[in-house]
Amino acid sequence: MKLIRNILSYSLSVLFYIVFGLLLLLFDPVQRICLRLFGYLAHKRSVDLFNVLVLRCLQLLGTYYEVHPRTSIPNNVPIIIVSNHQSMWDIPPLIWFLRKYHPKFISKIELGKKIPTISYNLKYGGSVLIDRKNPEQAMQQIAKMGGYIQEHNRSVVIFPEGTRSRTGIPKPFKRKGLKTLFEHAPEAYVLPVSISGSWKLQEKGMFPLPLGTKLTFVFHPALAVANYDPDTLIDTLEKTVVSGVISV
């Protein structure tokens, strides 16, 4: 049985990466055409479509998703989505499940280069790229993002751990980026999200990918930035996010 499972894992991982690679190559020009000819909304829809297709690709491996909405997310306000981070596969579900809120990302600058589809979206879709070796530049970009979501009533995803947890156990939250967002988006609501199971997809690296992985997303009640002092809010967010992570 273990041999059969290993054979399936290797075979389906090859299939997954072929299809995923084709999607990356296809949606790079699709995004460019959408943005240049039809504007922001057309580009956003192309990004949404790409990400839901990535979810379907992961289902080739038997990956499945559980979503637990424990809140009614406010409309027409800026939203700061605060989540733990377990793997690169956290991101497509967040984009798709929260597509109504136009999620943007605070991403490391290296991802803005040479990755079809993904780099273009990060550079031109409203996200910001930070140089983790240059704290001043990073805070300037995060402040810019705070102003952007405040002006347009959109959302930003921030992973306050700073890097992904390879074991699924959340790392301590870093505070400076969150405080900068709070300062520049004072009318925002903060949506805590707990992600579980995603780390298992990269437990053995990028290949092979495991079969039958369950990814769980818990959306907790949103909190108004204006109702808390920054440190109390961050303490509350960290406890909330960690409480919803399933450690298996």
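Helices and strands are DSSP runs, numbered from the N terminus. In this predicted model, S87 lies in the loop between strand 2 (79-83) and helix 3.

The relative accessible area of S87 is 0%, so the residue is buried. A polar atom of the S87 side chain lies 3.0 Å from the backbone nitrogen of W89. When neighbours within four places in sequence are left aside, S87 is in contact with R164, S198, W199 and Q202.

**Aromatic pairs**

W89 also belongs to a cluster, in which ring pairs link it with F16, Y17 and F20. A pair of aromatic rings is described by the distance of the centres and the angle of the planes. The structure holds nine aromatic pairs. One of them is formed by F16 and F20; the pair is stacked, with 5.6 Å centre to centre and 10° between the planes. Both residues of this pair, F16 and F20, lie in helix 1 (residues 2-38). They are four residues apart, about one turn of the helix. F16 has a relative accessible area of 0% and is buried. F20 is buried too, with a relative accessible area of 9%, because buried means under 20% relative accessible area.

The rings of F97 and F217 have centres 5.6 Å apart and planes at 75°. Planes over 60 degrees apart count as edge-to-face, so the pair of F97 and F217 is edge-to-face. This pair links distant parts of the chain.

**Arginines over rings**

Two arginines lie over the faces of aromatic rings, R99 over W96 and R154 over Y40. The table gives the distance from the ring centre for each.

| Arginine | Ring | Distance from the ring centre |
|---|---|---|
| R99 | W96 | 3.7 Å |
| R154 | Y40 | 4.0 Å |

**In brief**

S87 is a buried residue in the loop between strand 2 and helix 3, and its side chain has a polar atom 3.0 Å from the backbone nitrogen of W89. Ring pairs join W89 to F16, Y17 and F20 in a cluster. The pair of F16 and F20 is stacked, whereas the pair of F97 and F217 is edge-to-face.

Technical notes
Residues numbered from 1 in each chain as written. Predicted model: local features only at pLDDT ≥ 70, side-chain atom pairs only at ≥ 80, totals over all residues. Heavy atoms only, no water. Phe/Tyr/Trp six-rings, centres within 6.5 Å; stacked < 30°, edge-to-face > 60°. Helix = DSSP H or I, 4+ residues; strand = E, 2+ residues; numbered from the N terminus. Buried < 20%, exposed > 50% of the residue type's maximum accessible area, 1.4 Å probe, protein only. Lys NZ or Arg CZ within 6 Å of the ring centre and 35° of its normal. Polar contact = N/O pair within 3.5 Å; in protein donor to acceptor, adjacent residues only side chain to side chain. Contact = heavy atoms within 4.5 Å.
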